[in-house]
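Hi,

Here is the structure we talked about, with the sequence alongside. Could you open it in your viewer and follow along with the notes below?

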Amino acid sequence: MPRRPTTAALVAAATLLVGACAAEADPAPTPPSASAAPPPSTATPDPGPVEPTLPAAATRNGKAGAEAFVEYYWEVVSYAQASGDTTRLEDLHAEACSLCTGAVQWIDRIYGSGGHINGGKHTVLTASATPSPSGSGRWVVASEIHATATRVAGAPGRNGRYDKADMAVTQILEHTGTSWRVHSWSNR
């Protein structure tokens, strides 16, 4: 069984088709026949994955802001996996974060080869931020992340199933003045 890659992932191009049909009234209505087509569905089409919105709390410097950002970050990872759109995910990490870059490349390769990812929704179960002991102004966030089962399909050489998993992750964040960026991460 392939090992689940750790993922550190924007505008989904979801198109809703709205149609209106106007029928001319018949002078004399005819009873429906057994072979008549069923009435059109009134169900709303699924718009697909929706890019998460950065909450105001995730823009603030400090403990609460760092913890809120980590929750947002993992929502963006889930969105990137579901949509294949890694644009926003790339914006959330520093170039030095090799695991972050690897996660983006993994998603891009799957979607770039015609594949898709089902599942893999990430939820932050706990997050605890503390100032970095280096005194650099960075914050260390220790989190417990739950990922639902994932299936990669349609991507030759990358297809597979990954069981649900709980991960212990440590991320080093730096505040940019208006938000945060992941500087590095490791699995504990």
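**The disulfide**

C97 and C100 are joined by a disulfide, with an S to S distance of 2.1 Å. Please keep in mind throughout that this is a predicted model. The structure holds 1 disulfide, and a disulfide, as you know well, is a covalent bond between the sulfur atoms of two cysteines. Which hand does the disulfide of C97 and C100 have? The torsion about its S-S bond is about 60 degrees, so the disulfide is right-handed. Both C97 and C100 are buried.

**The nonpolar core**

Next, have a look at the interior. In soluble globular proteins, nonpolar side chains tend to be buried together. Here, the largest nonpolar core has 35 residues. Within this core, the residues with the most contacts are F69, Y73, W74, L89 and L173. Two or more residues each come from the helices α1 (63–83) and α3 (98–112), and from the strands β2 (122–131), β3 (139–147), β6 (165–175) and β7 (180–187). Which element gives the most to this core? That is α1, with 10 residues.

**A buried glutamine**

While you are at helix α1, find Q81, which lies in that helix. Is Q81 buried or exposed? Its relative accessible area is 1%; anything under 20% counts as buried, so Q81 is buried. A polar atom of the Q81 side chain lies 3.1 Å from the backbone oxygen of G120.

Strands of a sheet pair through backbone hydrogen bonds, either parallel or antiparallel. In this open sheet, 3 strands follow the order β1-β4-β5, and their pairing is antiparallel. Why is one side of β1 and of β5 left without a neighbour in the sheet? β1 (116–119) and β5 (160–162) stand at the edges, and each has a single partner strand, so one side of each has no neighbour there. From one strand to the next, the twist averages 15 degrees.

V152 has G160, in β5, as its bridge partner. Helix α3 packs on this sheet and touches β1, β4 and β5. The direction of α3 makes about 115 degrees with that of β1.

Happy viewing, and do write back with any questions!

Best wishes

Definitions and conventions
Residues are numbered from 1 along each chain as its sequence is written. This is a predicted model: local features need pLDDT of at least 70, side-chain atom pairs count only at pLDDT 80 or more; totals for chains, interfaces and linings use all residues. Side-chain values use heavy atoms; hydrogens and water are left out. A disulfide is a pair of cysteine sulfur atoms within 2.5 Å. Buried means under 20% relative accessible area, exposed over 50%, partly exposed in between (1.4 Å probe, protein chains only). A nonpolar core is a set of buried Ala, Val, Leu, Ile, Met, Phe, Trp, Tyr and Cys residues joined through side-chain atoms within 4.5 Å. Helices (H or I, at least four residues) and strands (E, at least two) are DSSP runs, numbered from the N terminus. A polar contact is a pair of N or O atoms within 3.5 Å; within protein, one must be able to donate a hydrogen and the other to accept it, and residues adjacent in sequence count only if both atoms are side-chain atoms. Two strands pair if DSSP finds at least two bridges between them. Axes are lines fitted to C-alpha atoms, for helices over the stretch in contact, and angles run from 0 to 180 degrees between N-to-C directions. Contact means heavy atoms within 4.5 Å.
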